[in-house]
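Subject: Structure for your files

Hello,

Here is the structure I said I would pass on.

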Amino acid sequence: MTNPIPADAPRSFFQTLTSFSRAFWCSNFIELFERWAYYGVRGGIAVYMVAAAAIGGLEFSHLQKANIFFWWAAFQSLLPTVIGGHADHYGHKRTVAFAISISVFGYICMALVSGYWPFFFASMLVATGTAIFKPGIQGILANSTTKDNATLGWSVFYMIVNIGGFTGPLIAGYLRLMSWKYVFITSACIHSLNFFGLLFFDEPDRGHANVEHTDKNLLETVARVFKEFWQVLFSSLKNLIDPPLIMFLTVFSGFWLMFMQLFDLLPNFITDWVDTAAVALFFGKLFGNDAWIAFGQSGKQIPAEWLINLDAFAIIFLMLPIGWIFGRLRPVAGMILGIFIASAGLVVAGYTMNVWICCLGILVFAVGEMIASPRKSEYLSMLAPPGKKGLYMGYVNFPQGIGWMLGSSLAGPIYQYYGDKTT
């Protein structure tokens, strides 16, 4: 006779995978389309902003590009710190719907404008929409997982993020060869589909009591909303002085300083200095594709975002096994190990003009990212008290903002004066 399996026995991989709710899977699909739209734009926008007007670019300087990314970082990554509390208060689904509207409008504006300040405004709309979206969707996810499936749940989420991150630049790379306007319009259309995704699930219990309002007129309603806004804002900022949270914010600010240069600076380095024609030539010969061979022999360069896409490609196929293997580490230990590996990979990618070594560096970076990044969400989800999941998921983005802003301030001027091919 076989012994019965204890009730508290660890679940297998597939038992854990099938334990998630409909809200969990729907929120992941919404995240997939949002990331598809976002990275379709972000994958090549660093090249678009500084490209010559004759080839469809905006012809900004690297200093102007750095300034846009500085403020993009401030809007996208610092706003969730205070918006997360409002997502808990007003509802995560409602917050996500509001965010989608702002981002879609921003993508449409990007397609229609060309001057520096109009494009700056359009970029801030996308950044603000993304800022509002993050704590809303991550709050749904956090309330859809338990301590038994959280590690795998965040790994699935991160894999889904990178499926969108891989698909977006891949399609955008083709679209921008015709016109950059197609990139922005396509992203707006893709993100709009998320309105339908919100209809397929009920919002999970967020541990937040619903309050009946007894407003008698419009003035009382405005006064109540104004008072609630500042109360939630003060509570959000007050929570930042929690010592474990301060440690997390400090460590990950440094991680994000390095991380965002994969998207903001490495595409410019690859475009200026790395001979990517060798990749087209190699795969053309490998698969017997004459068009690729001719492309490589002509010396034409493949879009830089396609090389950057190796990061998302590796994560799609390796995230779940790596998340399962390294899930045995404590979250802090996993984050530290991942940061060291990712840092080494980025140094390798930006140290060489050899396209194959550059690709190796991007793949090493991806391994470090897979170890470190999902654990940060898991760690904050564990720290979050009931009713404050959205607030703490908003804190995930605070160190990204600090690191991204510092990185843009350093990288823009350095590359403008010491790395730009025209300089």
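This is a predicted model: local features need pLDDT of at least 70, side-chain atom pairs count only at pLDDT 80 or more; totals for chains, interfaces and linings use all residues.

The chain is built with 20 helices and zero strands. Of its 423 residues, 55% are buried. Taking contacts between residues at least 6 apart in sequence, 83% join residues at least 24 apart. The accessible surface of the chain is about 19,500 Å², and carbon and sulfur atoms account for 70% of that surface.

On the inside, the largest nonpolar core has 113 residues. The members that touch the most other members are I45, W72, M110, F119 and L266. Helix 6, residues 116-143, is the element that gives the most to this core, with 14 residues. Leaving out residues up to four places away in sequence, L266 touches Q261, I308, L346, A349, G350 and I362.

The largest pocket holds about 1,400 Å³ of space. Its lining consists of 41 residues, and those nearest the centre are Q301, I302, P303, A304 and W306. Elements that give two or more residues to this lining include helix 3 (45-50), helix 7 (150-178), helix 13 (266-273) and helix 18 (355-383). Helix 16 (304-326) is also one of these elements, and helix 16 gives the most to the lining, with six residues. By type, the lining residues are 28 nonpolar, eight polar and five charged.

Regards

How values were computed:
Residues are numbered from 1 along each chain as its sequence is written. Side-chain values use heavy atoms; hydrogens and water are left out. Helices (H or I, at least four residues) and strands (E, at least two) are DSSP runs, numbered from the N terminus. Buried means under 20% relative accessible area, exposed over 50%, partly exposed in between (1.4 Å probe, protein chains only). Contact means heavy atoms within 4.5 Å. Accessible areas come from the Shrake-Rupley method with a 1.4 Å probe; for residues, only the protein chains shown count as cover. A nonpolar core is a set of buried Ala, Val, Leu, Ile, Met, Phe, Trp, Tyr and Cys residues joined through side-chain atoms within 4.5 Å. On a 1 Å grid over the protein atoms alone, a cavity is a set of points where a 1.4 Å probe fits but cannot get out, and a pocket is an open set with protein on both sides within 12 Å along at least five of seven lines; lining residues have an atom within 4 Å of a point. Grid points are joined across faces, edges and corners, and a volume is the space filled by probe spheres set on the points. Ala, Val, Leu, Ile, Met, Phe, Trp, Tyr, Cys and Pro count as nonpolar, Asp, Glu, Lys and Arg as charged, and the others, Gly among them, as polar.
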